[in-house]
Amino acid sequence: PNGLIAHLHGPCEGRRHDCFLLRDSGLLPQMEQHMIRPQPLLDNVPPIFSLYGDPAYPVRGHLLSPHRGLNLTQDQQAFNRQMSSVRVSVEYGFQKVLQQFSFLDYKKNLKLLLQPVGLLYVVGVILTNCHTCPYGSQISDMCDLNPRGTFHTDL
């Protein structure tokens, strides 16, 4: 939530399902290994960090998604409402990459098989992270987390 893109996987064919991309990225095993808090915050809260994904993803120990179904409790509905803004913040990260490097909007500008589209996007993400460290982003402002001063440690 500090506005930095910390895990980037690809390029992959556009017809691949989100679950395939998640499995192919190796993100969940990395999270299982590295994203454990020293101790739980509360007795009934597990000592792990989790990501929040869209409904296409399965619920796992380190991956949450919205509650589904017609008969949701008020707490489940409130959870879904509160977490929907978190999902939007991820889109802000992709938006910033395209704002900084508009030529990376491949639908308009890039030619698959004629240009290294995946490599160009990875470089755009790295440079966007470099920009976010001193200047912040919409995500870091929304989450009230300051990435400023992390340039040397995050690169």
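**View 1. A nonpolar patch on the surface of a predicted model.** A patch here is made of residues with over 30% relative accessible area and no salt bridge, and nonpolar side chains are joined into one patch when they lie within 5 Å. In this predicted model, Leu8, Val122 and Ile126 form such a nonpolar patch on the surface. Is Leu8 buried, partly exposed or exposed? Leu8 counts as partly exposed because its relative accessibility is 37%, and partly exposed covers the range between under 20% (buried) and over 50% (exposed).

**View 2. Gly10, in the segment before α1.** Now let us turn to a glycine. Gly10 sits in the segment before α1. With a relative accessible area of 38%, Gly10 is partly exposed. How far apart are the C-alpha atoms of Gly10 and Asp24? They are separated by 9.1 Å, while the two residues are 14 residues apart along the chain.

**View 3. Cys19 and the residues it touches.** Follow the chain into helix α1 and you will find Cys19 there. Cys19 has a relative accessibility of 22%, so it counts as partly exposed. Which residues does Cys19 contact, once its neighbours within four places in sequence are left aside? They are Ala56, Tyr57 and Pro58. Take Pro58 as an example: Cys19 and Pro58 are 39 residues apart along the chain, yet their C-alpha atoms are separated by 7.7 Å.

View 4. Cys12 is partly exposed because its relative accessibility is 36%. How many disulfides does the model contain, if a disulfide is a pair of cysteine sulfur atoms within 2.5 Å? The count comes to zero.

**View 5. Ser65, a buried serine in a loop.** Our last stop is the loop between β2 (63-64) and α3 (74-100), where Ser65 is found. Why is Ser65 called buried? Its relative accessible area is 5%, and buried means under 20%. Setting aside residues up to four places away in sequence, Ser65 touches Tyr52, Gly53, Asp54, Pro55, Tyr57, Val59 and Phe79. Zoom in on the side chain of Ser65 as well: it makes a polar contact with the side chain of Arg68, at 3.4 Å.

Definitions and conventions
Residues are numbered from 1 along each chain as its sequence is written. This is a predicted model: local features need pLDDT of at least 70, side-chain atom pairs count only at pLDDT 80 or more; totals for chains, interfaces and linings use all residues. Side-chain values use heavy atoms; hydrogens and water are left out. Patches are made of residues with over 30% relative accessible area and no salt bridge: like charges are joined within 9 Å, nonpolar side chains (Val, Leu, Ile, Met, Phe, Trp, Tyr) within 5 Å. Accessible areas come from the Shrake-Rupley method with a 1.4 Å probe; for residues, only the protein chains shown count as cover. A salt bridge is a side-chain nitrogen of Lys or Arg within 4 Å of a carboxyl oxygen of Asp or Glu. Buried means under 20% relative accessible area, exposed over 50%, partly exposed in between (1.4 Å probe, protein chains only). Helices (H or I, at least four residues) and strands (E, at least two) are DSSP runs, numbered from the N terminus. Contact means heavy atoms within 4.5 Å. A polar contact is a pair of N or O atoms within 3.5 Å; within protein, one must be able to donate a hydrogen and the other to accept it, and residues adjacent in sequence count only if both atoms are side-chain atoms. A disulfide is a pair of cysteine sulfur atoms within 2.5 Å.
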